[in-house]
Amino acid sequence: MAAYVAVLAVVGWWPRQVDADVGIVHWSPVQTMARLVTVQPAEVLAGVEVAAHAALFVPVGVFIALRWRRASAGTAVVVASALALAIETVQWIAPIDRTASAVDLVADVAGGLLGFVAVRAVTHHPRAGATIVGGLVVIVLGVAAVLIWGMAVSTA
């Protein structure tokens, strides 16, 4: 968990937006989604960023559910809130090109809660477990890949 928190801190406190130079708004899937729902690509990207925030915090909830068997959903919310608040506070006060956001904070907490609930659902419904866990892993790894790429591009 310490390594995950360290990675989360690096992503959260990266000096610039990690996707700033990636040009995601021009990607074909973003353009297609924008046309389908008749909005600007930047609006689609805003929704994707909210989902990415949630996905980044799914492991927080998973860890809490697996590590502390007696933990409640409230515990997941408190821990995810503390981590998200730390990240957003640094983005707000530090001299970096980042913007603190209440939407990010809410999405982060929702991701932590989602991870916690997913583990509890798997525990009570083992047949659905592989599908739930597999889907979460794919989402989290996809978000991580885009973030790593964005960080690599922003340092070039």
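A quick term before the first stop: a residue is buried under 20% relative accessible area, exposed over 50%, and partly exposed in between (1.4 Å probe, protein chains only). Helices (H or I, at least four residues) and strands (E, at least two) are DSSP runs, numbered from the N terminus. This is a predicted model, where local features need pLDDT of at least 70 and side-chain atom pairs count only at pLDDT 80 or more, while totals for chains, interfaces and linings use all residues. Residues are numbered from 1 along each chain as its sequence is written, and side-chain values use heavy atoms, with hydrogens and water left out.

Start by colouring by pLDDT, the predictor's confidence in each residue, from 0 to 100. The chain averages 79, and 77% of its residues reach 70 or more. Among the elements, helix 4 has the highest mean (92) and helix 6, residues 126-155, the lowest (66).

Now select helix 4, residues 73-93. Its 21 residues reach 30 Å from first C-alpha to last, close to the 30 Å expected at 1.5 Å a residue (the expected span is 1.5 Å times one less than the number of residues). Show Ala76, Ala80, Ala84, Ile87, Glu88 and Gln91: these are the buried residues of helix 4. Look down the axis and they fall within an arc of 95°, so they line one face of the helix; the arc is that of the directions from the helix axis to the C-beta atoms.

Next, pick Asp108 in helix 5 (residues 102-124). What does Asp108 touch, not counting residues up to four places away in sequence? Its contacts (heavy atoms within 4.5 Å) are His53, Phe57, Ala80, Ala84 and Glu88. Asp108 counts as buried, at 1% relative accessibility.

From there, hop to Phe57. Along with Val60, Ile64 and Phe116, Phe57 touches the most other members of the largest nonpolar core, which has 13 residues. Such a core is a set of buried Ala, Val, Leu, Ile, Met, Phe, Trp, Tyr and Cys residues joined through side-chain atoms within 4.5 Å. Helix 3 gives the most to this core, with five residues. A second, separate core of five residues includes Ile24, Val30, Ala34 and Val44.

Last stop: Phe63 and Trp68, an edge-to-face aromatic pair, 5.8 Å centre to centre with 80° between the planes. Rings of Phe, Tyr and Trp (its six-membered ring) pair if their centres lie within 6.5 Å; planes under 30 degrees apart count as stacked, over 60 as edge-to-face and the rest as tilted. Phe63 is partly exposed at 26%, and Trp68 is partly exposed at 43%.
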